[in-house]
Amino acid sequence: MRAVRLLACLVLWSSTAAAEFDLPQLMAMLAQVERSTVAFEETRYLAILATPVVRRGTLQYVRPDRLEMHVFTPFPETMEVVGSRVRIESSEQRREWDLAGRPVALAWIEGIRASLAGDAATLTRLFGVALGGTSASWQLVLEPRDPRVAAALRRVEVRGRQAQLTAIEILDRQDDRIVITFKPVSRSGP
Amino acid sequence: MTARGRAALGWLVVVGAALTWVAMRLSVNADFAAFLPSATTGQQRFLVSELQEGVASRLLLIELSGDTAERLADVSRTLAGKLGADGRFRYVNNGDADFGRGDFDALRAHRYQLSDAIAPERFTADGLRTALAARVRSLSGGAGLFEKTLLPEDPTGETLHLVDRLTPATEPRRVQGAWFDPSGARALLLAETRAPGSDLDGQAEAIAALERAFAAAKGDRDVQLRYSSPGAMAAQSRTLIAADASRLALVSTALIVALLGFVYRSPILVLLCALPALTGLLVGVVAVDVAFGAVHAITLGFGATLLGEAVDYPGYLLTQMRGDEPAPAALARLAATLAMAVLTTAAAAVALLLADFPGLAQLGLLTMIGVLGAGIVTAWVLPFWVPRGWHPVPARASVWAWRSTPSPGARLALAAILVAGLLALTSGKPWWDDDLANMNPLPTELKQRDRELRAALGAPEVRYMLLVEGATREDALASAERLRPALERAVTSQALGGFELVTDYLPSQATQRRRQAVLPDDARLRANFAEAVSGLPVRVAAFEPFFAAVERARVALPVDASNLAGTALGLKLDGLLRPDGARWHVVVPLVSVASAGDARKTMEQAGVAGAQWVDLQATSRDMMSAFRANALRAFGLGALLILGVLAAGLRSARAAARVALPVTAAVVATAAAIVALGQPLTVFHLVALMLVGGIGTNYALFLARGAAAGDPPATTARSLAVVGGTTLCAFGTLATSQTPVLRTIGLTVALGVVLCLALSALLPAALRQPPRPA
């Protein structure tokens, strides 16, 4: 009787151990990446537009806090985020903001950047974080903690394979949806 | 009851009653308006209130430095939070909330009445197509996403246009959301105190609260705090003056006690010497409070100075007592002269009492009641308290006799050369200076810091502004609207860094109606919109909020102050659109005035009725000069009254002239000496000169009395040396002060006393008729 119970425990333990893929593991994995450049395709499904907007380009991350988005279509544009400063530059205009006073935009950016960085502290500070899947195919569901942010942004879903992000989906309160998918172009490890 | 008992009882009753009044009822105010003529125009009054209560005077510019930008931003955020929760501050901004939620919502709700971009072509099919095409394109860009929330209701972008226009042109740079100076080494904040700039106690409290909040916010970080505002600077300069004054008072008291102790050799008598002047000040203050309902702080300061004369009264009595004589008997000999000394000053004070400025009238009453009180205490209280049998050590002729006695002619020549020489030295030097800023005890670095902070923060100038006056609120607003093109031109030509026009968030009702009239009706708008979207990937159904908003705006009531209540814009509106009696004023703060002349010309060329360029520094200078001119007139009249009292009291015009001439010469010579030293005269000098006149008259009177009564010259000389010496101790100490106000008064009186003594010794003798052979 006792042996049976012990066996049952053992089986149970070994099965959870095999399935377990937790946030610290994922973050540690992501934190290995010093810099990465991927090709992206962003599709914006917006309620006020009859057809989605599709943007293509490259996304570069450089540890600790630099994010560069080079858009090639529909028109060339560069977005650069360093710390809390955002600069958007196209042939027509150049604009610069500080995100410290704009929590919604900041949540937006950190959803992407802190995920790339494997920055658990920032993610859990801004979002309720739920991790699902295995290391071979995981998804993070991020739900804003700040009510002001939650009033505008429903959730951010990040999907990935090992230390690489494959897609990000952002859903806001206007039911506009933005899906960004990534494909590797180059990759350099630590 | 003995005479002594009656005197003591009477004094106790009066002083007790006065002290009770002071404790229960006395109110001291610092309202600058007391120093304006009562016939001042409403506009001048408005300017004064702007000067002391306007937004610029309340705005505290704060700087944090000494640590990394990250830590400074952190402290800045915490500090802003603490100050925001403190009732002493109306408004705090560290850059974090670049546009408050309340402001944004108010602008958004009323955009079709507030936006100056509203024009008929904006709502035609073409106009809408242009707007929509631009939006569609921006939605394909990075920035468009941040703005898309507004699109369904505001496709023409009015809200963002309004926000852009109300965001100051010269915003400080931001690090982590906090304002920084261009170098990035200093975090900047703005805080508006609830207390007006003229409420120095309120300002001091706000500053103390700021320093406490800073200490808590800083923790163990190595951050330094600096701040500046007109109110804070005034409070600081008051603290500096008070600290300096009390330190010097200690020194001068010690000197005076030593001098009197040496002369009288009795502690009781030294104490008694202070009694008349203190009693006089006390009853004088109570009299002013009863008559005017309050005592002005400046009256108190000036009054205490003028009553310096009364400190001499006991000296005249005590130094001239003879060895065998009780004090009351000595008083009987000196009473007539003492009465003249008191009455001449009281007569001069009547002239002040008649002045048109409440401030001067208060000073007159305080002086008059004060010297009368001091005279009465000297005559009817003091003699009974002089210990029986006490008398001063007799003055030794060998010490006090004139070593040489030049002939009357030589004395006259000497006096004339002295006065004429000093007058000659003033040639080419300005006599008057009405810019009180020169009396500011603050170091110039502080003023420089204020300028730097103001420029870095884009905070409005304290000195320059535009004022738009109208018979009604709407008139004032309509005129202010017409100023915008001229102001924009002045910014373009870099005469100005920026400006703040209330009509950007509260246009006149006429303008609002004009904009509403431009909005098409629902059917037309929908038709135009349908035409506009053809060929654009836009879903018309998503824009229902837009159609509804335009339809609402067409019939909306005019936006007024109540629509902005509780927002930062509403707070600003309170300060910038103000009723003044039946009329209304719009204040237009200006930022970084680079060329006042050009900006003023541009504004005046616009020819907007009721608009005028204001230079508060010039205004305050004008007011000071009017005050000074009035004071001067009053002093002139006072001098005539003194002459009258002298002539009546001495029963001889010649004798009166003999007393008045040296004093007049001394006052003129003192003024000339100060001007010759390169310091033009201010109202502070004027008050000090008045004291010199009062003191000098007394010297001349007692000299004349001594000569007429045949007293030994040594007694009179020593008497003058003692009273002159105490005055020199008091004011000579002040003359060493670091603060310009105290130094001014000290130097003037000390110099005046010396000149009075010298000229009193030289002139009357020269004027005396040669004794006829008996």
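Helix H7 of chain B, residues 125-139, comprises 15 residues and spans 21 Å from its first C-alpha to its last, close to the 21 Å expected at 1.5 Å a residue. The model is predicted.

**Helix H7 of chain B**
- The buried residues in H7(B) are Leu128(B), Leu132(B), Arg135(B), Val136(B), Ser138(B) and Leu139(B).
- These residues lie on the same side of H7(B), because they cover an arc of only 165° around the axis.
- An α-helix has 3.6 residues a turn, so residues three or four places apart point the same way.
- The packing partners of the buried residues of H7(B) are E2 of chain A and, in chain B, helix H8 (144-147) and helix H24 (522-533).

**Contact between chains A and B**
- Chain A contributes 23 residues to the contact, and chain B contributes 20 residues.
- On the side of chain A that touches chain B, the elements giving two or more residues are strand E2 (53-62), strand E4 (77-82), strand E5 (85-90) and strand E6 (94-98).
- By residue class, this side of chain A holds 14 nonpolar, five polar and four charged residues.

**Chain A: fold and confidence**
- Five helices and 11 strands are assigned in chain A.
- Among the 190 residues of chain A, 29% count as buried.
- Of the contacts in chain A with a separation of 6 or more, 41% join residues 24 or more positions apart.
- Chain A has a mean pLDDT of 85, with 86% of its residues at 70 or more.
- In residues 12-18 of chain A, the pLDDT is below 50, and this stretch has zero contacts in the model beyond near neighbours in sequence.

Technical notes: Residues are numbered from 1 along each chain as its sequence is written. Chains are lettered from A and ligands numbered from 1 in the order in which they are written. This is a predicted model: local features need pLDDT of at least 70, side-chain atom pairs count only at pLDDT 80 or more; totals for chains, interfaces and linings use all residues. Two residues are in contact if their C-beta atoms, placed from the backbone, lie within 7 Å. Helices (H or I, at least four residues) and strands (E, at least two) are DSSP runs, numbered from the N terminus. Ala, Val, Leu, Ile, Met, Phe, Trp, Tyr, Cys and Pro count as nonpolar, Asp, Glu, Lys and Arg as charged, and the others, Gly among them, as polar. pLDDT is the predictor's confidence in each residue, from 0 to 100. A residue is buried if 20 or more other C-beta atoms lie within 10 Å of its own, exposed if 12 or fewer, and partly exposed in between; C-beta atoms are placed from the backbone. The expected span of a helix is 1.5 Å times one less than its number of residues. The arc is that of the directions from the helix axis to the C-beta atoms.
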